[in-house]
Amino acid sequence: MFARGPNVGPEVITKYGFVLSNNTKVEEPLILLNGSSFLWKAPVNHDKLPMQDWDLEVFKIFEVVTPKPEIILFGTGRQFAPMPAHVRHYFYTLGIQVDVMNTKNAASTYNVLAEEGRRVAAALLPLDERSH
C-alpha cells in the first residue's frame, strides 16, 4: 500500500474560500476526501439555498471514490441551509451518512474527525459568493 502524506484540511476560513494546511489558498467550493483536496464545481444559486435544485451529478465523486467516506460534512456557507430530501436519499443509497452545518463548523468537525483517523469527507461552500 502507498504511504499517504499528512491529511489536508482547512486551517483558515476566509470570506471567499479557505487556506489549507498545505498553505494552498482556495477561493472556490472545495471537497476534502481521503486526505486530499479537490476543487468543486458546485452551482451558484444567488437567490436560493444551496443544494435546493442541484443535479446529483455534482456529487458524482462520492460514487467513484474508494474507499467511500463513512460520513460527509456539508458546509453550506455562512448560514446553515437544510439538505433537500432527494440529496439526503442519494447519499443514503451510497451508504454514506451526511451531516449539514455552516461551513465554519463543518471545517472544524472535519479536522477533528480526520485527526481521529475516521473516513470523513467534507463538501464546503465559501462563506460568501463573489459577485461576477
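In what order do the three strands of the open sheet lie, and is their pairing parallel or antiparallel? The legends below refer to a predicted model.

**View 1. The open sheet of three strands.** The strand order is β1-β2-β3, and the pairing is antiparallel. Strands β1 (10-13) and β3 (25-26) form the edges, each pairing on one side only. Two bridges join β2 (residues 18-20) to β3 in the antiparallel sense. V19 has K25 of β3 as its bridge partner. Strands of a sheet pair in general through backbone hydrogen bonds.

**View 2. Helix α3 across the sheet strands.** Helix α3 comprises residues 103-115 and lies across β1 and β2. The helix runs at about 165 degrees to β1.

**View 3. The loop between β2 and β3.** This loop contains N23. The phi of N23 is near 70 degrees, a positive value in a residue other than glycine. Most residues other than glycine have a negative phi. N23 has a relative accessible area of 69% and is therefore classed as exposed, the cut-off being over 50%.

**View 4. The loop between β4 and β5.** N34 is located between β4 (30-33) and β5 (36-39). Although N34 is not a glycine, its phi is positive, at about 50 degrees. The relative accessible area of N34 is 25%, so this residue is partly exposed.

**View 5. A cis peptide bond at P67.** The peptide bond from T66 to P67 is cis, and its omega is near -5 degrees. Most peptide bonds, by contrast, are trans. P67 belongs to the loop between α1 (61-64) and β6 (71-75).

Definitions and conventions
Residues are numbered from 1 along each chain as its sequence is written. This is a predicted model: local features need pLDDT of at least 70, side-chain atom pairs count only at pLDDT 80 or more; totals for chains, interfaces and linings use all residues. Side-chain values use heavy atoms; hydrogens and water are left out. Two strands pair if DSSP finds at least two bridges between them. Helices (H or I, at least four residues) and strands (E, at least two) are DSSP runs, numbered from the N terminus. Contact means heavy atoms within 4.5 Å. Axes are lines fitted to C-alpha atoms, for helices over the stretch in contact, and angles run from 0 to 180 degrees between N-to-C directions. Buried means under 20% relative accessible area, exposed over 50%, partly exposed in between (1.4 Å probe, protein chains only).
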